[in-house]
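Please read them with the coordinates open.

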Amino acid sequence: MMSQGQGLRLISYQSRPNVSHPFLLTAHTLQPSRSWNHFSFKTPGMPKPFHLQLPLPLPSHNSHQTQTGTQDDGIPIDDVKVIAKFKTRYNYIRVLQVSRRADHPFAGSRLLLLDSPGNIHSISFLFKSLTNTYFDVFATLPPILPPGAVGILGFGAGSTARLMLELYPDLIIHGWELDPSVVAVGREYFGLEKLEKQYPNRLFISIGNGLKASIRNGFAGILVDLFSKGSLIPELQEPSTWHKLRKSLRKGGRIMVNVGGSCVEAEDEGRNGKMVMEETLKAMHRVFGDKLFVLNLGNRKDDDSSLALTGELAVPDRDAWKKALPRSLKGYVDIWAPYQG
């Protein structure tokens with residue numbers, strides 16, 4: 001995700017590849033602790049811990065399977081190590097390593113935080129490709145796109161790119177990231193440098209404003225993950241932005257967007273996550289009309305998190321889409337619903 005636009009909000013938890021429907025994971029970061037000491041980004045006087053909430057899973061044919069941890073579990077401070085922390089013109093960058101011993105879905109992960117509230121913007125695991133976040137939903141997009149390159153606006157540390165490059169051998173990705181320090185952190189701590197060397201002709205990263213991204217002949221698809229200071233950037237609430245992005249697509253192209261929700265905590269209290277999400281969807285609807293779909297991964301009114309998708313999505317399209325996806329990702333397809341403004 002882009003420093004101008006990153007709001008990695010962890011919203012979907014896929015436990016194992018043989019689960020037909022994904023479990024859901026919604027993250028509230030930095031909420032007051034209810035029990036033991038949790039990791040805190042604040043001073044010892046008034047701690048607001050790193051804290052996760054795990055909603056109930058979607059119905060599954062393998063209902064006997066369970067996920068690690070319980071709802072409202074936090075990560076004990078002893079299981080988290082800060083391996084980098086500094087400020088840039090755009091971000092408050094922190095890289096965290098979660099112990100493999102932690103009794104938590106994020107055990108063994110490395111996390112990237114970019115704003116004061118502590119929203120998570122990238123995640124990687126050492127021994128698995130799926131991130132257990134909405135990045136997995138992003139990775140379902142290529143099978144329903146025309147031939148051509150995919151743009152990632154808000155590239156972050158490369159979580160989405162890594163998964164998509166592994167899943168789709170012919171895919172070319174162009175990523176845009178506003179803060180060069182975020183890309184540098186991705187290369188040093190998230191394996192991005194290795195990824196660039198592994199796919200020199202398929203992965204291209206540009207430093208700059210993602211809303212100005214363009215390539216010759218247009219994008220087959222665009223992934224939008226643009227947050228700043230814990231909130232979707234204001235430009236995404238303007239229909240003119242979506243008109244411009246639509247023009248950057250080739251025929252049949254689509255856009256998938258992380259529109260956040262009430263689970264996103266902004267630095268500015270006036271930028272309520274749910275309100276900003278609704279305004280963003282309204283702006284998109286004015287441009288895409290009934291060709292707008294929403295995937296909501298929250299199961300409570302005060303804890304929602306959503307993605308948006310443009311284009312046609314009839315039943316035959318969904319069936320073909322599922323057939324083209326690995327088993328671990330098929331369950332996301334049926335969750336998309338027409339936008340109801």
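1. Basis. This is a predicted model, in which local features need pLDDT of at least 70 and side-chain atom pairs count only at pLDDT 80 or more, while totals for chains, interfaces and linings use all residues. Residues are numbered from 1 along each chain as its sequence is written, and side-chain values use heavy atoms, with hydrogens and water left out.

2. Confidence. The pLDDT, the predictor's confidence in each residue on a scale from 0 to 100, has a mean of 80 over the chain. A value of 70 or more is reached by 77% of the residues. Over residues 2-72 pLDDT stays under 50. For that stretch the model still has 256 contacts beyond four places in sequence, a contact being heavy atoms within 4.5 Å.

3. Overall make-up. The chain comes to seven helices and 18 strands. These are DSSP runs numbered from the N terminus: helices are H or I with at least four residues, strands are E with at least two. Of the 341 residues in the chain, 58% are buried. Buried means under 20% relative accessible area and exposed over 50%, with partly exposed in between (1.4 Å probe, protein chains only). Among contacts with a separation of 6 or more, 67% join residues 24 or more positions apart.

4. Eight strands form an open sheet with mixed pairing, in the order 11-10-9-12-15-17-16-18. Two strands count as paired if DSSP finds at least two bridges between them. The edges are strand 11 (203-207) and strand 18 (337-338), each of which pairs on one side only.

5. Strand 15 and its neighbours. How many residues of strand 15 are buried? Nine of its twelve are, so this strand is classed as mostly covered under the cut-off of 20% relative accessible area. With strand 12, strand 15 pairs in the parallel sense over five bridges, and Ile-222 stands opposite Ile-255 in strand 15. With strand 17 (residues 306-310), strand 15 (residues 249-260) pairs in the antiparallel sense over four bridges. There Met-256 has Leu-309 as its bridge partner in strand 17, and Val-257 stands opposite Ala-308.

6. The hairpin of strands 7 and 8. Strand 7 and strand 8 pair in the antiparallel sense over five bridges. They form a hairpin with six residues between them, and Gly-118 in the turn has a positive phi of about 95 degrees. The bridge partner of Ser-109 in strand 8 is Phe-125. Six of the six residues of strand 8 are buried. Asn-119, in the loop between the two strands, counts as buried at 0% relative accessibility. Asn-119 and Gly-230 are 111 residues apart in sequence, yet their C-alpha atoms are 6.5 Å apart in space.

7. The largest pocket. A pocket here is an open set of points on a 1 Å grid over the protein atoms alone, with protein on both sides within 12 Å along at least five of seven lines; lining residues have an atom within 4 Å of a point. The largest pocket holds about 490 Å³ of space, the volume being the space filled by probe spheres set on the points. Its lining has 22 residues, and Ser-124, Phe-125, Leu-126, Arg-162 and Phe-190 lie nearest its centre. Strand 7 (109-113), strand 8 (120-125), helix 2 (159-167) and helix 4 (192-198) each give two or more residues to this lining. By class, the lining has seven nonpolar, nine polar and six charged residues. Ala, Val, Leu, Ile, Met, Phe, Trp, Tyr, Cys and Pro count as nonpolar, Asp, Glu, Lys and Arg as charged, and the others, Gly among them, as polar.

8. The second largest pocket. About 230 Å³ of space lies in this one. Which strand gives the largest share of the lining of the second largest pocket? Strand 15 does, with six residues. The lining includes Arg-246, Arg-250, Lys-251, Phe-288, Lys-291 and Glu-312. It divides into two nonpolar, four polar and six charged residues.

9. Positive phi outside glycine. Asn-217, in the loop between strand 11 and strand 12 (219-224), has a positive phi of about 75 degrees although it is not a glycine. Asn-217 counts as exposed at 61% relative accessibility. Lys-229 is also not a glycine and has a positive phi of about 55 degrees. Lys-229 sits in the loop between strand 13 (227-228) and strand 14 (231-232), and at 52% relative accessibility it counts as exposed.

Definitions and conventions. On a 1 Å grid over the protein atoms alone, a cavity is a set of points where a 1.4 Å probe fits but cannot get out, and a pocket is an open set with protein on both sides within 12 Å along at least five of seven lines; lining residues have an atom within 4 Å of a point.
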